[in-house]
Amino acid sequence: PARFEAITQDITKRKVAEGELIASREALAHRSRQVEQLNVELEGRAIEAEASARAKDAFLRNMSHELRT
């Protein structure tokens, strides 16, 4: 007579954890893309603010010069 032995293991918890890990990675990738987009917008606004500050400084220099003359 042939004898067979079987080992069974419930992998439900492992599969649930793997699913959660995949979902977390996808959420992280999405947030990473959002952060990249916000950084691009922030860089643009910083450039605009610097240009505005330079224009204000130039205006004030000119006005100061005009008031002195």
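Visitor: Where is Phe-59 found?
Guide: In this predicted model, Phe-59 is found in helix H1. That helix covers residues 12–68.

Visitor: What makes Phe-59, Leu-60 and Met-63 a nonpolar patch on the surface?
Guide: A patch takes residues with over 30% relative accessible area and no salt bridge, and nonpolar side chains are joined within 5 Å. Phe-59, Leu-60 and Met-63 form such a patch, and together they have about 290 Å² of accessible area.

Visitor: His-65 has its place in helix H1 too. Why is His-65 called partly exposed?
Guide: The class lies between the buried limit, under 20%, and the exposed limit, over 50%. His-65 has 43% relative accessibility, so it counts as partly exposed.

Visitor: How far is His-65 from Ser-32?
Guide: Their C-alpha atoms are separated by 49 Å, and the two residues are 33 apart along the chain.

Visitor: What is the secondary structure of the protein as a whole?
Guide: It comes to 1 helix and 0 strands.

Visitor: And how do you know that the protein is more spread out than a compact globule?
Guide: Set the two values side by side: the radius of gyration is 32 Å, while the globule rule gives 11 Å for 69 residues. The value is well over the rule, so the protein is more spread out than a compact globule. The box tells you its dimensions: along the principal axes, the C-alpha atoms fill roughly 115 × 15 × 10 Å.

Visitor: How much of the protein counts as buried?
Guide: With buried meaning under 20% relative accessible area, 0% of the 69 residues qualify. The protein exposes about 7,100 Å², and carbon and sulfur atoms supply 57% of that.

Visitor: Let's turn to charges. Why is the contact of Glu-5 with Arg-3 called a salt bridge?
Guide: The cut-off is 4 Å between a side-chain nitrogen of Lys or Arg and a carboxyl oxygen of Asp or Glu. For Glu-5 and Arg-3 the closest N and O atoms are 3.8 Å apart, within 4 Å, so the pair is a salt bridge. Glu-5 counts as exposed at 71% relative accessibility, and Arg-3 is exposed at 73%.

Visitor: What makes Arg-14 and Glu-18 a salt bridge?
Guide: Their N to O distance is 3.1 Å, and the cut-off is 4 Å. The two residues are 4 apart in helix H1, which means that about one helical turn separates them. Arg-14 is exposed at 57% relative accessibility, whereas Glu-18 is partly exposed at 31%.

Visitor: Which residues are joined with Glu-18 into one network?
Guide: Glu-18 also meets Lys-15 in a salt bridge, at 3.6 Å from N to O. These two are 3 residues apart in helix H1, again about one helical turn. Salt bridges that share partners therefore join Arg-14, Lys-15 and Glu-18 into one network.

Visitor: How many salt bridges does the count come to?
Guide: By this rule, 3.

Visitor: And how far apart are the mean positions of the positive and negative charges?
Guide: They are 3 Å apart, for 12 positive and 12 negative charges.

Terms used:
Residues are numbered from 1 along each chain as its sequence is written. This is a predicted model: local features need pLDDT of at least 70, side-chain atom pairs count only at pLDDT 80 or more; totals for chains, interfaces and linings use all residues. Side-chain values use heavy atoms; hydrogens and water are left out. Buried means under 20% relative accessible area, exposed over 50%, partly exposed in between (1.4 Å probe, protein chains only). Patches are made of residues with over 30% relative accessible area and no salt bridge: like charges are joined within 9 Å, nonpolar side chains (Val, Leu, Ile, Met, Phe, Trp, Tyr) within 5 Å. Accessible areas come from the Shrake-Rupley method with a 1.4 Å probe; for residues, only the protein chains shown count as cover. The radius of gyration is taken over C-alpha atoms; the globule rule is 2.2 Å times the number of residues to the power 0.38. Lys and Arg count as positive and Asp and Glu as negative; His and the chain ends are not counted. The place of a charge is taken as NZ of Lys, CZ of Arg, CG of Asp or CD of Glu.
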